[in-house]
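Here's a quick briefing to read with the model open beside you. Grab your viewer and follow along.

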Amino acid sequence: MLEAEIIACCAPTLAGLKTANMFSYKPRRMEELSLGLRQANSKLNEKGVFVEVLKEGERRVLLYVYRKGMLETDLRREGASGLLRSCGYENAEPEACIRHLKTRFAGYDGFPHEVGLFLGYPLHDVMGFIEQKGQNYKCTGIWKVYDNEKETQLVFRKLKKCTEIYRRLFENGRSIGKLTVAA
């Protein structure tokens, strides 16, 4: 069941088109979660993809599926380090940043605004969201767009098509391991 949800919610990450995705997941039983995570990671880690719990609730978890190499590049891009520092991140190392992001999630009812950096969203859109308090965007899709509207709409269509293809392939028997592009 977890693998099907990863395919449905994270196909662009598995395909190497996007740094990361996150989604809310409700396991049948919470005891099954750690086994499912171990199994998913055993199939994905060798390809540079990792699955972690960002936030745990009573019956649901927020899962983060990411490409470590792409995340490292994104967190080191110009402008990202300043935003991270302003949110209390001490450095741009992926593991340390994810640990701090988890503490930020623990202190929020919603989502810390810098989470867009961890999902591979363009910096100008993450900054626009923060500066505009989620208002005055040009369009919305996977994220709210504050710049490069036409280019981003093409990206949205590409990511949606990827998800449709991956779902169909998975339903027809292709394994998550085979669907995941190596880093």
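Predicted model: local features only at pLDDT ≥ 70, side-chain atom pairs only at ≥ 80, totals over all residues.

**Helix α8**

- Helix α8 runs over residues 149–171, and its 23 residues should span 33 Å at 1.5 Å a residue. The C-alpha atoms at its ends sit 33 Å apart, so expectation and model agree.
- If you want the buried side of the story, look at Thr152, Phe156, Leu159, Cys162, Thr163 and Tyr166, which are the buried residues of α8.
- The cover over those buried residues includes three helices, α1 (2–14), α7 (123–131) and α9 (176–179). The strands β4 (139–140) and β5 (144–145) are also part of that cover.
- Just past the end of α8, glycine 173 takes a positive phi of about 105°.

**Threonine 19**

- You'll find threonine 19 in the loop between α1 and β1 (20–25).
- Threonine 19 has a relative accessibility of 4%, and because the cut-off for buried is under 20%, this residue counts as buried.
- Its side chain makes a polar contact with the side chain of aspartate 74, at 2.5 Å.
- Leaving aside residues up to four places away in sequence, threonine 19 touches a list of residues that includes Thr13, Val65, Tyr66, Arg67, Met70 and Leu71. Asp74 is on that contact list too, along with Phe118, Leu119 and Gly120.

**Salt bridges**

- Side chains of opposite charge can pair when their charged atoms come close. Searching the whole structure turns up 9 salt bridges.
- Arginine 76 and glutamate 93 form one through their side chains, with 2.3 Å from N to O. This pair links distant parts of the chain, 17 residues apart: arginine 76 belongs to helix α3 (residues 68–76), while glutamate 93 is in the loop between α4 (80–86) and α5 (94–106).
- How exposed are the two partners? Arginine 76 is partly exposed at 47% relative accessibility, and glutamate 93 is partly exposed as well, with a relative accessible area of 34%.
- Arginine 29 has salt bridges to glutamate 31 (3.5 Å, N to O) and to glutamate 32 (3.4 Å, N to O).
- Glutamate 31 is exposed, at 60% relative accessible area, whereas glutamate 32 comes out as partly exposed at 26%.

Methods. Residues numbered from 1 in each chain as written. Heavy atoms only, no water. Helix = DSSP H or I, 4+ residues; strand = E, 2+ residues; numbered from the N terminus. Expected span 1.5 Å × (residues − 1). Buried < 20%, exposed > 50% of the residue type's maximum accessible area, 1.4 Å probe, protein only. Contact = heavy atoms within 4.5 Å. Polar contact = N/O pair within 3.5 Å; in protein donor to acceptor, adjacent residues only side chain to side chain. Salt bridge = Lys/Arg side-chain N within 4 Å of Asp/Glu carboxyl O.
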